[in-house]
Amino acid sequence: MKLTRRTLLALGSGTSVYAMVAGLPAFASLTDDAISAFTGGAATGEGAISLTAPEIAENGNTVPISVDAPGAAEITIFADGNPVPNVATFKFGPLSASRSASTRIRLAKTQNVVAVAKMEDGSFQMVKANVKVTIGGCGG
């Protein structure tokens, strides 16, 4: 192979592009890892938890969500498109009158918001909602 300035430039460019793409984290796998860490690898069910989030968020800086899980001891909210997927954790004591919470979260782009609840019996329940974001809130 004859090494010219053109081939050297092409090889260098290709190598740097590969290094940049290979180094990017896969946000969905970060969320799956965080959910597995929260549940300890246990299976999650559906139906005992409800998540209310807007279908379209005009501004990703402040997206209102609420979650309701009767019988939950702990609820964690994840956003699978954010650089850090764990958004919020709510813990409820045995004397809590209601097992619900509402807050405003920041979303970087259109993505799924996932709520996982650890129930009092030790089981886990999960629900997802897709939120379309017009202006991202985790600018970089």
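Biologist: Which residues touch the most other members in the largest nonpolar core?

Modeller: Please keep in mind that this is a predicted model. The largest nonpolar core holds 24 residues, and I49, V67, I75, I77 and L107 are the ones that touch the most other members. Several strands contribute at least two residues each to this core, namely β4 (63-68), β5 (72-79), β7 (100-105), β8 (111-119) and β9 (124-133). Another core lies apart from it, with seven residues that include F38, V114, V116 and M126.

Biologist: How many helices and strands does the chain have?

Modeller: The chain has two helices and nine strands. Along the sequence they follow the pattern α-α-β-β-β-β-β-β-β-β-β. Of the 140 residues in the chain, 31% are buried. Among contacts with a separation of 6 or more, 64% join residues 24 or more positions apart.

Biologist: What is the strand order in the open sheet of three strands?

Modeller: The order is β2-β4-β7, and the pairing is antiparallel. The strands β2 (50-52) and β7 stand at the edges with a single partner strand each, so one side of each has no neighbour in the sheet. On average, neighbouring strands of this sheet are turned by 15° against each other, with direction ignored.

Biologist: How many bridges join β4 to β7, and how many join β2 to β4?

Modeller: Six bridges join β4 to β7, an antiparallel pair. In that pairing, V63 stands opposite I105 in β7. Three bridges join β2 to β4, and these strands also run antiparallel. Here T52 stands opposite S66 in β4.

Biologist: Which residues of β4 form its covered face, and which its uncovered face?

Modeller: The general idea is that side chains in a regular strand alternate between the two faces of the sheet. In β4, the covered face consists of V63, I65 and V67, while P64, S66 and D68 make up the uncovered one.

Biologist: Let us turn to charged side chains. How many salt bridges does the count come to?

Modeller: In general, side chains of opposite charge can pair when their charged atoms come close. In this model the count comes to one salt bridge. The partners are R99 and E120, whose closest N and O atoms are 2.8 Å apart. R99 lies in the loop between β6 and β7, whereas E120 lies in the loop between β8 and β9, so the pair ties together parts that are 21 residues apart in sequence.

Biologist: Is R99 buried or exposed, and is E120 buried or exposed?

Modeller: The two partners are to be read against the cut-offs, under 20% relative accessible area for buried and over 50% for exposed. R99 is buried, because its relative accessible area is 10%. E120 is exposed, because its relative accessible area is 52%.

Biologist: Which backbone oxygen does the side chain of R99 reach?

Modeller: The side chain of R99 reaches the backbone oxygen of A72 at 2.7 Å. Leaving aside neighbours within four places in sequence, R99 is in contact with a set of residues that includes V67, D68, A69, P70, G71, A72, A73 and I75. F92, G93, P94 and E120 also belong to that set.

Biologist: Where is S100 found, and which residues does S100 touch beyond four places away in sequence?

Modeller: S100 is found in strand β7. Not counting residues up to four places away in sequence, S100 touches V67, D68 and F92. The side chain of S100 also makes a polar contact with the side chain of S98, at 3.1 Å. S100 counts as partly exposed, because its relative accessibility is 32%.

Biologist: How far apart are S100 and I75, in sequence and in space?

Modeller: S100 and I75 are 25 residues apart in sequence, and their C-alpha atoms are 8.7 Å apart in space.

Technical notes:
Residues are numbered from 1 along each chain as its sequence is written. This is a predicted model: local features need pLDDT of at least 70, side-chain atom pairs count only at pLDDT 80 or more; totals for chains, interfaces and linings use all residues. Side-chain values use heavy atoms; hydrogens and water are left out. A nonpolar core is a set of buried Ala, Val, Leu, Ile, Met, Phe, Trp, Tyr and Cys residues joined through side-chain atoms within 4.5 Å. Buried means under 20% relative accessible area, exposed over 50%, partly exposed in between (1.4 Å probe, protein chains only). Helices (H or I, at least four residues) and strands (E, at least two) are DSSP runs, numbered from the N terminus. A polar contact is a pair of N or O atoms within 3.5 Å; within protein, one must be able to donate a hydrogen and the other to accept it, and residues adjacent in sequence count only if both atoms are side-chain atoms. Contact means heavy atoms within 4.5 Å. Two strands pair if DSSP finds at least two bridges between them. Axes are lines fitted to C-alpha atoms, for helices over the stretch in contact, and angles run from 0 to 180 degrees between N-to-C directions. A salt bridge is a side-chain nitrogen of Lys or Arg within 4 Å of a carboxyl oxygen of Asp or Glu.
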